[in-house]
Every structure is written in structure tokens, then in C-alpha cells.
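The sequence and structure are shown first.

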Number of protein chains: 2
Amino acid sequence: MDFLSPRARAMAISAGATAGPEPERLRFDRGLVTEMVAKAPARFVLRAGDPLKNLPIGEGFTHWGCVSSAPQVNDLSGGRRPGSQEDFRRFVKLGHGLNVIGFFGGYPVEPQDLPPATRHLDCISDFLTLTDKVFHPYCLGATRIRDALDLIRLARGLTEDELREGPQCYTVVNSSSPLRYDAPMLDGLIEMALANQCVCFTPFTLAGAMAPITLAGALAQQNAETLAGIAFAQMVRPGAPVIYGAYTSNVDMRTGAPAMGTPEYFKAAVISGQLARFYGVPYRSSGGNAANAPDAQAVYETTFALWGAKLGQADIVMHSAGWLEGGLSASPEKLVIDAEILQGIDAAFAPVAVDDESLGLDAIREVGPGGHFFGAAHTMARYTSEFYSPLLSDWSNFGAWTAAGSRETLARAHDLMKALLDAYEPPALEPARAEAMAAHVARRKAEGGALDA
Amino acid sequence: MDFLSPRARAMAISAGATAGPEPERLRFDRGLVTEMVAKAPARFVLRAGDPLKNLPIGEGFTHWGCVSSAPQVNDLSGGRRPGSQEDFRRFVKLGHGLNVIGFFGGYPVEPQDLPPATRHLDCISDFLTLTDKVFHPYCLGATRIRDALDLIRLARGLTEDELREGPQCYTVVNSSSPLRYDAPMLDGLIEMALANQCVCFTPFTLAGAMAPITLAGALAQQNAETLAGIAFAQMVRPGAPVIYGAYTSNVDMRTGAPAMGTPEYFKAAVISGQLARFYGVPYRSSGGNAANAPDAQAVYETTFALWGAKLGQADIVMHSAGWLEGGLSASPEKLVIDAEILQGIDAAFAPVAVDDESLGLDAIREVGPGGHFFGAAHTMARYTSEFYSPLLSDWSNFGAWTAAGSRETLARAHDLMKALLDAYEPPALEPARAEAMAAHVARRKAEGGALDA
């Protein structure tokens, strides 16, 4: 593996990695990797602003995350355009309002109207102000991470020691596949691990492009890259919370374009979960699709990705909702459509009660051959809550649906999105904490922001 | 259970069922049901016109079927309208042309322009002429079944004895839930079982309407109804090929409208597969959705149903492709969209090669940190065939997609449907056989067709 940060290389070498012969190359002995990976915790809690929204990791739950890092936004009312702070805030409010969204990844859309060096100060402040769910600072150098951790301490009223008690956020470190970690990501992860914050290592191993064309080969490379990251985090701080991230997919071999939600993607998601469990670490997977519009392709590719993540038993699933175009745009209507799918998956995996009451043999006897159950006591006692109640699906008949304007799912999702924004209420934040955050942001902006990456 | 056919009641009573006290009521002792169900074969082959298209049943394969029994057709060019013979034929040609469609259920759309008493003669002739895939005559009285079996013998050049060697077709017997089998279905299934043809028993147990509102209760009732049917078929002819069919879903408790592809539907599909395996008989599941248009809801509800069928390890999945509106309309564009989903599911469950060649460690060494795999020998040797190649998905980037007319999936599916129809070629059929079929149809039409149900 090439580690492009001198600080990271020095730390790895002092912990047992071998240097060279190439200038930035490190070699990790199999025994060293095994020893280090074994130090990673199998379970921990990702803290949210509201403790009720903490995410237990490694406990068999699958948590769904909002789309992140899309440079463009694409919605029914405004079309496709570069993301802005207004769009960023709108997505944070939508993700806050949808109960099935458990956490945020990076910025749902990139606020391209904010200067890069200080963008993180505005966005982290917004995350801490507009939502009390788990969120994610970008791992782009040590300064941005330190700023994020400082803002989290101020927003949540924590001392440095309290911050270090367990992860108050997580970040994602992508390897620059094949076999390379860039300096800003390494420098940022060192700060995260030192502060006992969570790091998710995710190679972007597109089979046929940045990884071998075969699924076995791409997964072998993903595994090597992820394990190198996890091992390094344990060298920085034994016991640092980490997540095995996977994003193996394939490319369209005619054009080199990435494909997502393909059968290969599904298999990779399931197998990656098996690998993570083999190493005893939590697992991160993703939604995704390569469609240019929130159409049928967008939905079926997304469902392939989500079922792969769920059947792979992922702890966190990034980009679960709202993603289009291989991540190049974010759609608020698709966010709502995907929220319905995610709620459905959660309901599909909820346990089924089987006991004398639920078997209802008395009700079957009461109704008898040729009757119906609408008025049965067994039905009346349960009809308001027995079934999953959809967010978006319209089960009216064709006549009623036509009479109501023949509104297809996308139009209904647009309406629901507007209703969610109208109903948005920010979480409580003590004024003194808000002032402290604002002062930090003002001071750091005056200093120029992040100048190291 | 109420059995509304006197002939069927007499056969069941002589085989050990208890009559009454209600006039049409039968009671099946637990030991009798167990004894009879044990006679049903765990595996058999459903014969097609082309032996290469035979369906092995009970062997771990999931076969996907075309939408069936929709009274309306709904397509992009003609809108929603009653089905006609022309529509029926168009769907048979499309199902014939799509490799992933393994078989037909009943008529994909109901040809409402054909008289009910002779409709089956035209439609069975069409099935036998336009496709060589497995198909399904309706179980509406003994006469229609005998006509279908006669036409199959004539089309496939079989003697009566050869017909009885194993199933040349299958039919579906729906209980009239709760706890009742109607006379035409019972009379038809007797003919099917006597001729060693396959019968799939499928209660339509909508929880909260025709079955208890709880999943456990609806499944208990489904199980009783299906087992009564399977046991009865074994009373008619021990060893008759049967399939455990399941169609448990829920209703919208505000309106009574059936819902499909819900979380409850998914769970019922998985659990029903467990029940079928418990009894050692093959399993039938279904696709389905309650959307009024081939939109996002149609796709996500369909995928829930299809993943339930697949994870339930269904042998045959009816209505896998082309269904809308809870079965009230059939969409040829949706047929193409669903074919892509079905191909994807098949590819997702194909085994993954893991050996020295596929692991590609030499390729990873060759490319090294920071390189790419596009030109690697390992890639070049495999790039034309390594990945699933989509039927419909468009992976071009937003600029290329916009330049090509921003065609969404539904429009592309319409184009592909037209291309499939243009490319359609009927299977070979010896002229003498075609003439024999035509003569049978003419004679039976002159007799008035089916007058018994």
C-alpha cells in the first residue's frame, strides 16, 4: 500500500509496517494485520445530538443514511443545477424529518456557493443546528477534523475528555484504489482515531477500472485496502472504533462509466458483509444507482443495492435515499421514494408474531366457509395498526386515482417533500452553545479556515 | 372446508374425508391430510413444446412467469382499455421473446372480444402456436380442461398414454377463501389430476378480508386450504403433481382494496416457502403491485414481491412481469422493465467464481498502487462477458443521456417492446398438427364450446 502522508508512514513503521523500496510504499505483514484488526471493537455506539437517535453499531441493526456528496441537485421544480447552501440545508431538514433516515453521510449536496476553505465550518454548524441525528465530517486533512470535533464539543456541551469517551461522529476514508491512501485522508483519520471517533474505511473498487474485473479479485483488493486502513487506525489508537466499508461495483466496459445496483453490486454487498463478520468488525454498505432521472431504472437499481446491503447485514448504509446518476446528483423526490422503500425493508424484517392470539383459529371458526373477516372481532381489535402504513404508495383503484388527477409516484413524492419542509422544526439548542459555535466559526473564518488540504 | 362439487365430495368421502353436518362441508382428519400430502411428488418436470424449455420443478430453480388474467391492457401508445385477442397475442409473443420469462400463467390479458364459451379454444390454440414455453389452461370446469389436454396432444403429437407420463401443462385452483372450493375448479382439477397433469393450489387469502388480519392467521388459513387441495388431488390420483401456491397479502383497511408487494406480502412469501418445504412439495409465489401506472410505486412494490418469492425459494413465480393495478391491467412496457429486474435477480444469485484466476492477485501486482485495470491482461481477457449486460438500463452520463433525448426508462421499454415484436418468430409446428388442432377447434366451436361452467 502507498501511504502518501509522511506522518502516517512514520506511525505505521513504528508500529511494525515495513517501508519501501518505493518511497511511499508500506508492507503490512499478515500477522501484523491480524493482530491489529483484532484490537478493533466489534460494537460501539455512534452518538447523536439527541441520545434517542444514537446508533448502536455491531448489534444487528441496519441504519439508513441520507445521500451525500452530490455536486448537483435535481428536483421537479428547479431541474438539475449545482448544489447550494440552500439545497444543502433543505436536504438536512428532509433527512431530519424522515424517521427512517438514521444518519447523514457527508453534505447531501455540495454547497458550491460556499468557499472550500471555510465550507466545513458552515456545514458542520448547520448539521449541529438543523438536526440532532448522527452526521459525518469529511476527512480532508487534520484541520477540518479538529474544527468538526471542536464544534461538536461546543454544540453538545462536552469536555475534551467527554468527547473521547466514545464516537460523537464518524468519517469515511476512501482509499485511492488501487492500493493507495492519500495524505489528507490519512492525516484526518489520525485526528479522528486519536480522539476515539469512528472511521469507516471504504475503497471505491470498481471492478475493471480501479480493481480487477472479476468480483473475487475486486473483493480481494477491497479487503486488502480496508484491512490496511483498519490496522493503521489501531496503530494510531488501539481500540479505535472503525467500520469495514465496501463499495465494490462494476463499470460499463464499453464506456468506463460506473454502474451501481447491478447484480455484481448486490453480490459484492452480500459478500463484503461476510468478510466484515469474519474479521469481527461492523460493516458499511451503500445504496446507489446510475440513472439520470428518478425513473424505473433509478428505483430497481436502488432496490438491488439496498437488498444487497440488508442481506449483507450492514450496520450503516450510506446513500440509502436520494441518490441519482452514480452520485453526481441528489433528488429530494427520490429521497422520499427511497424512504418508503427503506421503511418497507425495515417492516419486512420485523419479527412475525405466532401465538394463539395471532393464529386466530377462533376467528377462522367464527367466520367459517364463504364468510369475510371485515367485521370479525379479531379484525376490529387490530385494524388500525396491524399492517405497515405507507408513506407514498397509493392503493386507490384506477377510477379514484384518475379522478384525483392521475398523480404518479414522483408527483406525490414532490408534494410530500414540500409537506416535510413545511413541518420542519429544528431541534432544541441552548443559546449559549449556539453562541459558542458561532464564535468558533467566526474566529476560524477570520483565520482563513482549512489551509492544509 | 366446503367443496361445492358433488363429484369431488363423493371422491373425498370415499377416500376418508368426513361429510357434514352442513350440506357441502367436508372435514379432513389431520392424519388423513398428512398421509395424502406425503403422496405428492417433491419434484417433476413441467413439459414445454420445446424440451429445452421444460421447467424442472422442485430442483432449486426459480422460474418466472408472465402476467396473467388482467381484464384490461394499459400501454403507452393506446392507454387503458379492455383486453382483446390482439393484445393477448401480443403479450404471448413478448413473453415468448423474453428469455427470462420461463412460462405463461393464464391469458396475459383477457381477450374480451372472444365469446366466453369458446374463448379457451382460441387461446389454447394460440398458446400452442405462438410459443413453445410452458403454459396454463384455466381450471373452469371439466370441459375446458379436456379441450386443453386434447389440443396439447394434437400440438405435441402425443397419445393419451404419453400425455399421462408427466405434466404437459399446469393449472391453478384458487380456493374461494375462506375455506371453500367452487365446483368448476374442483371438476377441472379432477380431470387434470386423472391425466397426471400439474395442479397448483393457491388460496387468495387477503389478511383482513378473506382471512384473519394477522399474518400468522392468514397463513394458517392459507395452509389449511392449500393442504386440503393437495390432499384431495392425491385422493383423485396418488402421485399427481401438485404445487403449494400462496398469495397471502393484506388489504388497505380504510378501503378494503388489496395491497401487494407490501412488507406483509414479502414476509408471507418467505414463510409460505418454508411451509411448502416443510411438506416436501414445490412452491408457487407471485409478483404483484397495486400501482395504477408503471411508475416508481409499481417498481418498488414489484421488487418487494419478487425478492420475497426468490428468498422464499419459489419454484414458479406467476405474474412476475407486466402486472399493474392489483392484476386489473397488464402493461407491455412494465413487462420489459420487470424482465430486466428478473434477469438481474437471476444474475445476482448465480455463483461467484473464487479461484486463483478470478482472485487476480497477479493483476493486482501488475497494476500496483495508483494504476488502473482497463488495459490489464486480466481485464482484456474478460471484458466482453464478465458482467451482467442490461436489457434496458442506461448508464450513459447526464450529458450523453440529455443529448440522446432524455429518454426515461418507460420510453426505452416501449421501444424495446416494439423491437421484440418486430423480431418475433413463431416456433416450428408441423402443418398436420396445426390442421388437427384447427379441426378440433372448429368441431368444438360448432358444439358450442364449454357449457359446464
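## A buried phenylalanine in chain B

In this predicted model, B:Phe103 has 25 other C-beta atoms within 10 Å and is therefore buried, the threshold for that class being 20 or more. B:Phe103 belongs to strand 9 of chain B, which covers residues 101-103.

Once neighbours within four places in sequence are set aside, the contacts of B:Phe103 are B:Leu55, B:His63, B:Gly65, B:Lys133, B:Val134, B:Phe135 and B:Ile316.

## The nonpolar core

The largest nonpolar core comprises 302 residues, and A:Val199 and B:Val199 have the most contacts inside it. At least three residues of this core come from each of two domains of chain B, domain 1 (42-348) and domain 2 (355-389).

Apart from neighbours within four places in sequence, A:Val199 is in contact with A:Tyr170, A:Thr171, A:Val173, A:Leu189, A:Met192, A:Ala193, A:Ala233, A:Ala240 and A:Val242.

## Helix 7 of chain A

A:Leu189, A:Met192 and A:Ala193, which are among the contacts of A:Val199, are buried residues of helix 7 of chain A. This helix (residues 183-194) has twelve residues, and the distance from its first C-alpha to its last is 17 Å, close to the 16 Å expected at 1.5 Å a residue.

Helix 7 of chain A is largely enclosed by the rest of the structure, because ten of its twelve residues are buried. Among them are A:Pro184, A:Met185, A:Leu186 and A:Ile190, together with A:Asp187 and A:Glu191. Just after the helix, A:Asn196 adopts a positive phi of about 60°.

## Relation and contact between the chains

Chain A is superposed on chain B by a rotation of 180° with 0.0 Å of shift along the axis, at an RMSD of 0.0 Å. This is the relation of a two-fold axis. Both copies use the same surface, since 99% of the contact residues of chain A recur in chain B. Within chain A, the residue that comes closest to the rotation axis is A:Ala296, whose C-alpha lies at 2.9 Å.

The contact involves 84 residues from chain A and 84 residues from chain B. On the side of chain A that touches chain B, helix 10 (residues 296-311) of chain A gives the most, with eight residues. By class, that side has 47 nonpolar, 24 polar and 13 charged residues.

Terms used: Residues numbered from 1 in each chain as written. Chains lettered and ligands numbered in written order. Predicted model: local features only at pLDDT ≥ 70, side-chain atom pairs only at ≥ 80, totals over all residues. Core = buried A, V, L, I, M, F, W, Y, C linked by C-beta atoms within 7 Å. Domains from an automatic or database assignment. Contact = placed C-beta atoms within 7 Å. Least-squares fit on C-alpha atoms with pLDDT ≥ 70 in both. Helix = DSSP H or I, 4+ residues; strand = E, 2+ residues; numbered from the N terminus. Nonpolar A, V, L, I, M, F, W, Y, C, P; charged D, E, K, R; others polar. Expected span 1.5 Å × (residues − 1).
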